[in-house]
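Subject: Handing over the model

Dear colleague,

Please find below the structure that you asked to see, followed by my notes on what came out of it. I would be glad if you read the two side by side.

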Amino acid sequence: MRKFIIKRLLLSVVILFFVALIIYALMRCLPTSYIESIARQKSMQPGSKTFDEWMQQLSATYGMDKGIIAGFFSWLGKALTGNFGDSWFYTEPVLQVFNRTVWLSFIMGGIAFIFEIIIAIPLGIIAATKQYSKTDYTVSVIALAGISLPTFFFAALLKLLFSVKLGWFELFGLVGRNHQQLSSFGQFLDKAHHLVLPIVTLVVISIGGLMRYTRTNMLEVLNADYIRTARAKGVSEHKVIYKHAFRNTLIPLVTIIGGSLPGLFSGALITETLYSIPGIGYTSYNAMVGGDIPFSMFYLTFIAVLTLIGNLIADILYAVVDPRVRIS
Amino acid sequence: MSKKPEKNNKLKNSASEKNEQQYSLNDDRRVKVLSPGALVAKRFFRNRMAMVGLIILIAMFAFSFIGGLISPYSEAQLFYRTDILEKEYASAIVNTEFRYLTADGQEFPSVVQAKMILAVNQNLPECEYDGITYTVTKEGEDLYSVSLADGTLIGIGYKDIFNSNTSDKLPFGLVFEALKAYTNELDTFIYEDVEYSIDIDGTVANAEGELGYISRYFVQALMPDVFLSREFKEDLYETLENGSDEFKFTDADGVEYDYTLYYNAASKKYTIKQGTESRVYDTYASPSSKHWLGTDRNGMDMLTRLMYGGRVSLLIGFIVEFIATFIGVILGGISGYFGGWVDNLIMRIVDIFYCIPSMPIIIILGAAMDAMSVDPKLRMIYLMLILGFLGWPGLARMVRGQILSLREQEFMTATEACGVRVSRRIYKHLIPNVIPQLIVSCTMGLGSTIITESTLSFLGLGVRFPFASWGNIINDVKDTFVLMNYWFIWIPAGALLLITVLAFNIVGDGLRDAFDPKMKR
């Protein structure tokens with residue numbers, strides 16, 4: 001087991017190295033960047049240096065005058081010591097921006113994830129136990145609709161219904177206009193109130209996948225031989241489903257849930273942008289659109305790390321939960 | 001299932017019973033033979049939900065590809081409407097203040113003018129200033145003359161204004177006489193042995209012609225380079241007298257304009273606005289018989305935009321999926337068939353690509369293309385290439401997995417024994433066995449590609465104007481005003497998007513069930 005984990009970890013490091021290299025090369029190849037627009041602005045000022053001179057000076061300041069490979073290794077060297085540089089867009093250390101925004105995303109994602117599990121798994125199991133019934137069809141169609149719903153369209157519908165027509169929630173942002181005047185508990189409630197619609201969006205959009213996954217796995221388990229044996233023994237249907245089948249369905253579910261835990265830190269890029277929630281997703285969207293190389297580099301590498309950790313957790317959990325799986 | 005298929009089966013059974021009489025028991029013709037493909041098709045067509053999905057898809061393709069041909073409008077055809085733009089043309093003020101005119105060779109100091117008003121207000125016949133007493137005589141309504149004790153007229157206070165037709169200064173006496181005649185509603189008056197006539201409109205004329213006119217209103221042009229003609233002013237006065245607030249006037253060039261009067265109570269001023277008809281883009285027009293779904297922000301027909309948008313969205317979906325499948329099948333096939341270090345290398349590449357976060361990368365590239373202002377058509381092609389190139393790793397993994405298990409089977413040993421070429425073995429014998437899974441994953445992938453594309457277009461980083469895509473049509477909803485007021489701008493596009501993706505997923509599901517022989521029905 002330990003050997004397996006170490007091997008996977010080493011492999012992950014190699015993969016991460018190449019991913020970071022590709023991302024860095026891509027970012028550096030972009031023909032227009034933040035530096036150029038700054039240089040253009042500065043050279044427009046009366047009595048200023050020419051554009052080329054500004055470009056040279058700014059490139060040197062931002063460490064962009066080196067070649068791609070040399071630049072990458074200098075970035076890597078700094079990154080390994082935890083120094084990701086200063087964000088150009090936010091003019092703050094990258095890690096500071098990250099630390100300021102990531103927890104909001106994590107809380108939002110976490111709450112949505114809990115709701116998702118609470119709703120999707122029971123529905124998936126009920127649908128599987130009553131295959132081809134009306135419940136099954138309803139659940140399947142809802143799950144498919146959830147997968148097929150474009151986030152931005154659903155968010156617009158929610159806004160129209162709950163913000164415009166009913167006036168229950170606000171259209172954008174995390175805090176209301178009178179946020180500063182509220183007590184600390186009031187501020188908490190204000191934020192919670194603003195997070196309702198984004199969380200609903202996240203839950204509805206992501207619920208379909210888990211629901212289908214649960215249903216498929218439960219169906220597979222229900223068709224297994226040991227279930228037939230249990231039924232043949234005369235075990236009550238309730239016991240067959242919730243003791244024999246459900247426990248076995250949990251194996252892939254635990255794996256997939258464990259694997260998606262790191263993803264909670266990556267933020268919901270689209271949803272946060274749609275609702276202007278200042279989490280890591282919206283923050284990095286602005287940075288990426290603004291051509292902020294240090295922050296984008298950090299964010300992309302961070303997501304790659306999260307994906308790798310997620311895969312690793314899923315693999316390990318699979319081996320831990322299911323005694324039949326032997327690691328070779 | 002419902003009763004209908006049973007009925008059909010009964011009919012078929014009775015038919016086959018008749019046939020049985022003609023064929024002997026072991027006759028081959030008694031056995032209905034179905035190829036595996038036909039079996040799959042049969043299973044698929046029996047799945048009612050999948051059929052609904054298929055019909056939706058066919059309808060959507062017809063809508064997008066044929067609809068664009070049928071529609072009377074083209075993709076980027078602009079529509080105009082005539083709108084009346086009101087420009088401030090002139091202003092009219094009712095003169096409520098006294099104006100003063102000094103008699104020739106006399107002095108009429110402003111203090112005396114003020115004293116005169118006091119006297120008028122208090123109904124006194126005279127006023128006094130600096131030890132001199134002035135006589136104030138009421139000559140008519142709002143017309144007073146001021147004279148010294150010896151009867152010398154020094155000036156008048158009046159409210160009706162004499163507008164001279166010439167720029168020459170009119171003699172004081174003439175003005176005074178004219179005003180006196182006008183306020184007392186006389187038709188004629190005599191000044192220096194000449195008879196002048198004055199009509200109801202206040203036009204003053206003598207035998208030689210018009211001199212000018214008298215009116216209580218003070219009219220000024222507000223637009224530069226505009227001379228207000230006498231006829232215009234007369235029409236205006238008439239309108240003001242009638243108390244109506246609009247009139248038409250044909251100017252010297254024979255062009256008729258609508259004029260609207262606006263009264264500002266605070267400044268007691270009438271503003272006359274000239275309405276000129278101008279052609280503007282017919283933006284956000286409500287659904288009508290001409291435009292079934294209204295028009296969009298640019299004044300283009302919404303329904304036609306939706307058709308062309310569907311074309312773009314579907315085409316992008318197909319091309320992206322084709323690119324991804326092409327790369328995925330080749331790399332996955334090689335990897336699965338050869339195994340060993342080739343497999344290891346390709347799988348590590350797949351791992352790397354799997355780890356690259358695609359959405360942020362596409363956003364960054366989209367923003368970069370924005371900065372470079374790439375041509376919208378070229379941009380669409382880049383978008384397809386990027387999406388396709390980022391989409392293959394999952395497919396490669398799937399193909400490899402399938403091939404790994406397939407290559408151990410007997411038929412592969414047989415091809416080896418027959419000496420079939422390697423490329424032929426992979427692409428003729430292995431890949432066809434993967435095709436069912438490929439079709440399923442492509443169908444499902446199409447849906448998600450369309451969502452990705454539309455999300456990008458929605459964010460303004462995908463397909464750009466003048467091309468339509470369902471995503472960039474909904475883009476308008478970012479404007480809260482559109483969200484609140486113009487449902488027809490974004491709901492139809494969103495609904496089409498949802499239905500299409502749903503249909504792709506349903507059909508994909510149906511295909512998987514149909515391909516899976518283990519499925520019991």
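A word on helices comes first, since the notes rely on them: helices (H or I, at least four residues) and strands (E, at least two) are DSSP runs, numbered from the N terminus, and the expected span of a helix is 1.5 Å times one less than its number of residues. This is a predicted model, in which local features need pLDDT of at least 70 and side-chain atom pairs count only at pLDDT 80 or more, while totals for chains, interfaces and linings use all residues. Residues are numbered from 1 along each chain as its sequence is written, chains are lettered from A and ligands numbered from 1 in the order in which they are written, and side-chain values use heavy atoms, with hydrogens and water left out.

Helix 6 of chain B (residues 230–242) has 13 residues and reaches 18 Å from its first C-alpha to its last, close to the 18 Å expected at 1.5 Å a residue. Its buried residues (buried means under 20% relative accessible area, exposed over 50%, partly exposed in between, with a 1.4 Å probe and protein chains only) are B:Arg230, B:Phe232, B:Lys233, B:Leu236, B:Tyr237, B:Thr239 and B:Leu240. Just after this helix, B:Gly243 takes a positive phi of about 80°.

Helix 9 of chain B (residues 358–372) has 15 residues and reaches 21 Å between its first and last C-alpha, close to the 21 Å expected at 1.5 Å a residue. Because 11 of its 15 residues are buried, helix 9 of chain B is largely enclosed by the rest of the structure. Those buried residues pack, by contacts (heavy atoms within 4.5 Å), against helix 1 (2–29), helix 11 (269–275), helix 12 (280–289) and helix 13 (293–321) of chain A, together with helix 10 (376–406) and helix 12 (422–459) of chain B. Just after helix 9 of chain B, B:Ser373 has a positive phi of about 45°.

One of the buried residues of helix 9 of chain B is B:Ile363, which touches A:Leu269, A:Tyr285, A:Met288, A:Val289, B:Leu456, B:Leu459 and B:Leu461, not counting residues up to four places away in sequence. A nonpolar core is a set of buried Ala, Val, Leu, Ile, Met, Phe, Trp, Tyr and Cys residues joined through side-chain atoms within 4.5 Å. In the largest such core, of 154 residues, A:Trp75, B:Ile363 and B:Trp490 touch the most other members, and helix 5 (residues 94–129) of chain A gives the most to this core, with 13 residues. Apart from it lies another core, of 21 residues, among them B:Ile346, B:Phe353, B:Leu406 and B:Leu438.

As for chain B as a whole, its secondary structure comes to 15 helices and 15 strands, and 45% of its 521 residues count as buried. The C-alpha atoms of chain B fill a box of roughly 145 × 65 × 40 Å, taken along the principal axes.

With best wishes
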